Amino acid sequence: MEGFGCQDTIQIGERNFRIHTGCDTNKNKALAEVFEDGNFLFNITKSYQIRQNENAPIDETYLKKAVYNLHQQLLEDITLLFQINEKIANLNQYIAHLRLGRVFMAKGFHQEAIVNFKRVIQINPNFSQAYKLLGTAYVKVNEYKNALKIFSTVLEKESEYPDILNARGILYIHMGNYEAAKNDLQKAIELNPELLECNFNLGVLLFLSTVAESPNDANFVLPARIIRSIKDLKNLDHY
């Protein structure tokens, strides 16, 4: 069964997406991965019952069909997603662009997400959640200045948005501005003490600040959860 799978390329406009689909017989899962210009975008998995029990032989015909079906489903989904994007481009309904933008961002199509979130703000400038989503999408494509500008714009209009303060605080951590991050996270907690994620982010920030001020030869034993959280924050996967 080694090496079994499907490969295809989809061309949408001037863009090319490469889809690889295969299987993990040990975990009874089919896995599909999507790339653009060699860059990984996203993957999907689907579980299948390919044996009656551990000792039973694998039903190879069923497995091939399962992998093929997942592959075809992904090809169709990507094509349909961009067709919908083209059809609603000039639609004056912010909810449609909001939903499509969320789908694009979840799939790793961040530039398309940015276009749709901008359209949401154009149609409904008072919808604060769109600013957070747009800022987050900018972060995903490493446009940190644009992300900071978006977060700051909405906070200048209305400063009492704990979710956006938390998002900007995380961005400041990534940019190394710990003092600004601390101010945003503390204010977010004041506004919503039950925002557990923000409380934990502040704890990670305080730890990072301590490490930054310590001698280079200082020995720290980091708890596993702290290590994961610092990695998440620096990878900007915490939004």
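Analyst: Helix 4 covers residues 128-140, 13 residues in total. From first C-alpha to last it reaches 19 Å, close to the 18 Å expected at 1.5 Å a residue. The expected span is 1.5 Å times one less than the number of residues. Helices here are DSSP runs (H or I, at least four residues), numbered from the N terminus.

The model is predicted: local features need pLDDT of at least 70, side-chain atom pairs count only at pLDDT 80 or more, and totals for chains, interfaces and linings use all residues. Residues are numbered from 1 along each chain as its sequence is written, and side-chain values use heavy atoms, without hydrogens and water.

Burial comes next. Helix 4 is largely enclosed by the rest of the structure, because 11 of its 13 residues are buried (under 20% relative accessible area, 1.4 Å probe, protein chains only). Among them are Tyr131, Lys132, Leu133 and Leu134. The buried residues pack against helix 2 (94-106), helix 3 (110-123), helix 5 (144-157) and helix 6 (162-175). Contact means heavy atoms within 4.5 Å.

Now the pairing with helix 5. The axes of helix 4 and helix 5, lines fitted to C-alpha atoms over the stretch in contact, come within 7 Å and cross at roughly 165 degrees. That makes the two helices roughly antiparallel (over 145 degrees). On the helix 4 side, the contact includes Tyr131, Leu134 and Tyr138. Helix 5 contributes residues including Ile150, Phe151 and Val154. Just after helix 4, Asn142 takes a positive phi of about 65 degrees.

Definitions and conventions: Buried < 20%, exposed > 50% of the residue type's maximum accessible area, 1.4 Å probe, protein only. Axes fitted to C-alpha atoms, helices over the stretch in contact; angles between N-to-C directions. Parallel < 35°, antiparallel > 145°, perpendicular 65-115°, else oblique.
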